[in-house]
Amino acid sequence: MNTILKINGKTYTVQAASEMPLLWTIRDIIGLTGTKFGCGVGQCGACSVLIDGKLSKSCSVTTSFASEKEIITIEGTLDNLELLRKAWQEANVPQCGFCQSGQLIAATSLLNNIKNPSDEDIDDVMSANICRCGTYSRIKKAIKMVAEPKKDTP
């Protein structure tokens with residue numbers, strides 16, 4: 001079955017089983033390997049992507065569900081994603097790096113929806129992403145580095 005996926009501003013026509021998890025279509029068929037396979041049941045967040053702007057676990061969403069929707073992966077570009085990438089480097093966030101693509105997508109979703117998130121807001125959103133290295137405090141620091149300059153903007 002042909003499915004049309006719009007990923008990072010490009011349109012792909014893929015042949016995939018409609019029930020195939022979007023993660024496998026993104027990684028194995030399209031070849032965008034930045035989105036990671038972690039638990040496979042939507043619990044760890046390594047496979048996080050944005051679908052029509054909504055934070056989604058691509059291992060738990062079918063390819064047919066994502067058809068014709070705007071999908072952003074870690075390879076994509078969004079203003080907050082770019083700012084967070086820089087903050088991630090400045091705050092020296094990554095350790096092993098495996099979960100970082102999902103963490104960055106989740107943080108992007110957070111900042112896209114809440115301009116100046118509180119500690120609770122950050123904890124609420126980011127708790128859905130597991131980091132086996134425990135870099136949570138550095139992740140929070142990087143998110144705040146991006147959010148702080150925006151406090152004064154309308």
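# Reading burial, packing and salt bridges in a predicted model

User: Where does the backbone oxygen of K54 lie relative to the side chain of S56?

Analyst: The backbone oxygen of K54 lies 3.1 Å from a polar atom of the side chain of S56. Please keep in mind throughout that this is a predicted model.

User: Is S56 buried or exposed, and in which strand is S56 placed?

Analyst: Burial is read from relative accessible area, and a residue under 20% is called buried. S56 has a relative accessible area of 12%, and therefore S56 is buried. The residue belongs to strand β4, which covers residues 54-57.

User: With which residues is S56 in contact, leaving aside its neighbours within four places in sequence?

Analyst: Once those neighbours within four places are set aside, S56 is in contact with C47, S48, V49, I51 and V61.

User: How many salt bridges does a search of the whole structure find?

Analyst: The general idea is that side chains of opposite charge can pair when their charged atoms come close. In this structure, a search of the whole model finds 4 salt bridges. One of the pairs is R85 with E82, whose closest N and O atoms are 2.5 Å apart; both residues lie in helix α3, 3 residues apart, about one turn of the helix. R85 is partly exposed at a relative accessible area of 23%, and E82 counts as partly exposed at 30%.

User: Which residue forms a salt bridge with K144, and which with K140?

Analyst: K144 forms a salt bridge with D119, with the closest N and O atoms 2.4 Å apart. Because K144 lies in helix α6 and D119 in helix α5, this pair ties together parts that are 25 residues apart in sequence. K144 has a relative accessible area of 30% and is partly exposed, and D119, at 36%, counts as partly exposed.

K140 forms a salt bridge with D123, where the closest N and O atoms are 2.9 Å apart. K140 lies in helix α6 and D123 in helix α5, so the pair ties together parts that are 17 residues apart in sequence. For accessibility, K140 counts as partly exposed at 21%, while D123 counts as partly exposed at 40%.

User: Where is C133 found, and with which residues is C133 in contact, leaving aside its neighbours within four places in sequence?

Analyst: C133 is found in the loop between α5 and α6, and C133 is partly exposed, with a relative accessible area of 27%. Apart from neighbours within four places in sequence, C133 is in contact with Q95 and C96.

Technical notes
Residues numbered from 1 in each chain as written. Predicted model: local features only at pLDDT ≥ 70, side-chain atom pairs only at ≥ 80, totals over all residues. Heavy atoms only, no water. Helix = DSSP H or I, 4+ residues; strand = E, 2+ residues; numbered from the N terminus. Buried < 20%, exposed > 50% of the residue type's maximum accessible area, 1.4 Å probe, protein only. Polar contact = N/O pair within 3.5 Å; in protein donor to acceptor, adjacent residues only side chain to side chain. Contact = heavy atoms within 4.5 Å. Salt bridge = Lys/Arg side-chain N within 4 Å of Asp/Glu carboxyl O.
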